Amino acid sequence: MPELPEVETVRRGLAPAMEGAVIARAEVNRPDLRWPFPARMAERLTGQRVERLRRRSKYILADLSGGETLLIHLGMSGRMTVSGDPLGQFVHTHPAAQKHDHVVFHMDNGARITFNDPRRFGAMDLMPTATAEDHKLLMVLGPEPLGNDFHENHLIAVFKGKNTPAKSALLDQGIVAGLGNIYVCEALFRAGVSPRRKAGQIAAVRVAALVPIIRQVLTEAIEAGGSSLKDFRQADGELGYFQHSFDVYGREGQPCRRPGCGGTVQRITQSGRSSFYCAQCQR
Ligand SMILES: [Zn+2]
């Protein structure tokens, strides 16, 4: 499941093909993904210039010249592929249409953006740009982890008195937007905080330390994604999936990487999801 760094990588990969370009034709091949598409979606997208491609949490938002914003969510299995050669960056030719190519944007610069999603947990919606933040999927979101509203005092305040484990608190999208299982595990490891520790029981100074660590973990992953985009010419045009090594995620039974620790990475289940951590150095 794509997390924030993967979605940001997709956004950065799409930007040169979409920003400033006009959707010459929008191909909508089914009525819905997770939810029904908005009424007349193809018609409303056709002829629109993409003024800006931005991201909020794990949503990609395309601000269109006509005053609407297209929201794109990759869901569990959504994949975005760019083909064509708008700026000399994408040398591959257009691939043959695949099963599950649900939405295709034919840009006026020759690029083709294909949204493929076999499991259809993804979503697309249209809303007025002026009130985009009021969209039901966006209004519930807390601050962006890489934005100015996510700071030490915010996290200390929301953790205070909280009875839920640190892991669950950081996965709460109202506390901080866009953090998922992988990067929460990694951030807690770097901070030396056990995923089982109740949020309200973590000393304020340790809560505060989580903020720069979360930013760093995400920034490093986004940089790794950026490197993957440089290899794009050789790739098949699919955006957002890149090799990245983790300290604890997926490393059950392997030695802890903290120098001198000697512990072993464990896996436990919290709220139905795997948490990876080292009980030796995460308290
Ligand atoms: Zn350890």
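Biologist: How much space lies in the second largest pocket, and which residues are the closest to its centre?
Modeller: In this predicted model, the second largest pocket holds about 200 Å³ of space. It is lined by 13 residues, and those closest to its centre are Met-1, Arg-34, Lys-58, Tyr-59 and His-73.

Biologist: How many nonpolar residues does the lining of the second largest pocket have?
Modeller: Sorted by class, the lining of the second largest pocket includes two charged and four polar residues. The nonpolar residues in that lining number seven.

Biologist: Turning to the largest pocket, which residues are the closest to its centre?
Modeller: The space in the largest pocket comes to about 270 Å³. Of the 15 residues that line this pocket, the closest to its centre are Pro-95, Ala-96, Gln-98, Asp-101 and Thr-114.

Biologist: Which element gives the largest share of the lining of the largest pocket?
Modeller: Three strands, β5, β6 and β7 (112-116), each supply at least two residues of that lining, which by class has four nonpolar, five polar and six charged residues. The largest share, three residues, comes from β7.

Biologist: Which residues does the UniProt annotation "binding site" cover, and why do they not all gather at one spot?
Modeller: The annotation comes from an unreviewed UniProt entry and covers His-100, Arg-119 and Lys-162. These positions span 63 residues in sequence, and they do not all gather at one spot because the farthest two C-alpha atoms are apart by 42.6 Å.

Biologist: Is His-100 buried, partly exposed or exposed?
Modeller: His-100 lies in the loop between β5 (79-83) and β6 (101-107), and, leaving aside its neighbours within four places in sequence, it is in contact with Phe-115, Asn-116, Asp-117 and Pro-118. Since buried means under 20% relative accessible area and exposed means over 50%, the value of 27% for His-100 makes this residue partly exposed.

Biologist: Which residues does Lys-162 touch, not counting residues up to four places away in sequence?
Modeller: Lys-162 is found in the loop between α3 (152-159) and α4 (166-171), and at 26% relative accessibility it counts as partly exposed. With residues up to four places away in sequence set aside, Lys-162 touches Ala-169, Ile-175, Lys-198, Ala-199 and Gly-200.

Biologist: What is the relative accessibility of Ser-271?
Modeller: Ser-271 is in the loop between β9 (265-270) and β10 (273-278), and its phi is near 50°, which is a positive value in a residue other than glycine. Ser-271 counts as exposed, with a relative accessibility of 66%.

Note on methods: Residues numbered from 1 in each chain as written. Predicted model: local features only at pLDDT ≥ 70, side-chain atom pairs only at ≥ 80, totals over all residues. Heavy atoms only, no water. UniProt positions renumbered as here; feature names shortened; annotations may be inferred. Helix = DSSP H or I, 4+ residues; strand = E, 2+ residues; numbered from the N terminus. Buried < 20%, exposed > 50% of the residue type's maximum accessible area, 1.4 Å probe, protein only. Contact = heavy atoms within 4.5 Å. 1 Å grid on protein atoms, 1.4 Å probe; cavity = no way out; pocket = protein on both sides within 12 Å on 5 of 7 lines; lining within 4 Å. Points joined across faces, edges and corners; volume = space filled by probe spheres on them. Nonpolar A, V, L, I, M, F, W, Y, C, P; charged D, E, K, R; others polar.
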